[in-house]
Amino acid sequence: PNLDTLAKIKKLNHNGYGFVSTDHFHKGLDYRTFLCHLSEVGADEDCIIHFRLATHGSICRANCHPFVENSVYFAHNGTLNVCPVGDMTDSEIVFRMKIYPEIQRFGYGTTQADWAIKQICGYSRFAMMYQGEVRLFGDYKILNGIYYSNLDGYEKYIAVFERKGVIGDITITEAAIMLHDAGWTNFIDVEKTKYLLGMKTQQTK
């Protein structure tokens, strides 16, 4: 993604940033440091990028994605029903206690391991990398050659609306962020969303 797209994602997911590529790995809480490391990734490298919106676990570097176990990297979007373990995220708990054991048992990228991981995934999206090989689980969408785990949430209507410019006194990006803050994280009906934005504009006049 370009810097503008990353900046939009950061506004909604700002509790940690991380990535793993064929030759690079970084995660942390400082966005500028993240961008500095990301700029070192070559155009020919596969890369998994994760921006965190904290749900389980505190906001700290340890809880940023990707997580790693013996060179297997794991990033997750969604929520998973797990019993809390200390300050760990639901993502890390499932990775270390359910997913990685299946990889140890059957091998990374095997039919048996992939089947087991799909059963764990449910409605979430998983992204994994081992020795440069990426595997995706869940409903990903492709935009300009990039796989997005949540395009049907906020990213889709930001892209659609920005092509149309501005509604009322606020930009479409600002409106999308307001909708996200109000809980419309999976609302993608363009016409109904335009109606809601119109109501919001009228209320502020």
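This is a predicted model: local features need pLDDT of at least 70, side-chain atom pairs count only at pLDDT 80 or more; totals for chains, interfaces and linings use all residues.
Residues are numbered from 1 along each chain as its sequence is written, and side-chain values use heavy atoms, with hydrogens and water left out.

**Overall composition**

- The protein chain contains seven helices and eleven strands; these are DSSP runs numbered from the N terminus, with helices (H or I) of at least four residues and strands (E) of at least two.
- Of the 205 residues in the protein chain, 40% are buried; buried means under 20% relative accessible area, exposed means over 50%, and partly exposed lies in between (1.4 Å probe, protein chains only).
- The accessible surface of the protein chain is about 11,300 Å², and carbon and sulfur atoms account for 51% of this surface; accessible areas come from the Shrake-Rupley method with a 1.4 Å probe, and for residues only the protein chains shown count as cover.
- Among contacts in the protein chain between residues at least 6 apart in sequence, 57% join residues at least 24 apart; contact means heavy atoms within 4.5 Å.

**The three-stranded sheet**

- Three strands form an open, antiparallel sheet in the order S2-S1-S3; two strands count as paired if DSSP finds at least two bridges between them.
- Strand S2 (25–28) and strand S3 (47–51) are the edge strands, each of which pairs on one side only.
- Neighbouring strands of this sheet are turned by 10° against each other on average, direction ignored; axes are lines fitted to C-alpha atoms, for helices over the stretch in contact, and angles run from 0 to 180 degrees between N-to-C directions.
- Helix H2 (residues 31–38) packs on the sheet and touches S1, S2 and S3, and the direction of H2 makes about 10° with that of S1.
- Strands of a sheet pair through backbone hydrogen bonds, either parallel or antiparallel.

**Strand S1 and its partners**

- Strand S1 (residues 17–21) is joined to S3 by five bridges, and four bridges join S1 to S2.
- Phe19 stands opposite Ile49 in S3 and opposite His26 in S2.
- The bridge partner of Tyr17 in S3 is Phe51.
- Because five of the five residues of S1 are buried, this strand is largely enclosed by the rest of the structure.
- Both faces of S1 are covered, with Tyr17, Phe19 and Ser21 buried on one side and Gly18 and Val20 buried on the other.

- Lys11 belongs to helix H1 (residues 3–12).
- Lys11 counts as exposed because its relative accessibility is 51%.
- Lys11 and Phe51 are 40 residues apart in sequence, and their C-alpha atoms are 9.9 Å apart in space.

**Salt bridges**

- The count comes to six salt bridges, a salt bridge being a side-chain nitrogen of Lys or Arg within 4 Å of a carboxyl oxygen of Asp or Glu.
- Glu69, Glu92 and Arg96 are linked in a network of salt bridges.
- In the pair formed by Arg96 and Glu69, the closest N and O atoms are 2.6 Å apart. This pair links distant parts of the chain, with Arg96 in helix H3 (residues 90–106) and Glu69 in strand S4 (residues 67–69), 27 residues apart.
- In the pair formed by Glu92 and Arg96, the closest N and O atoms are 2.7 Å apart. Both residues lie in helix H3, four residues apart, about one turn of the helix.
- Glu133 is partly exposed at 36% relative accessibility, and Arg135 is partly exposed at 23%.

**Nonpolar surface patch**

- Val134, Leu136, Ile142 and Tyr147 form a nonpolar patch on the surface, with about 350 Å² of accessible area together.
- Patches are made of residues with over 30% relative accessible area and no salt bridge, like charges being joined within 9 Å and nonpolar side chains (Val, Leu, Ile, Met, Phe, Trp, Tyr) within 5 Å.
- Tyr147 is located in strand S9 (residues 146–148).
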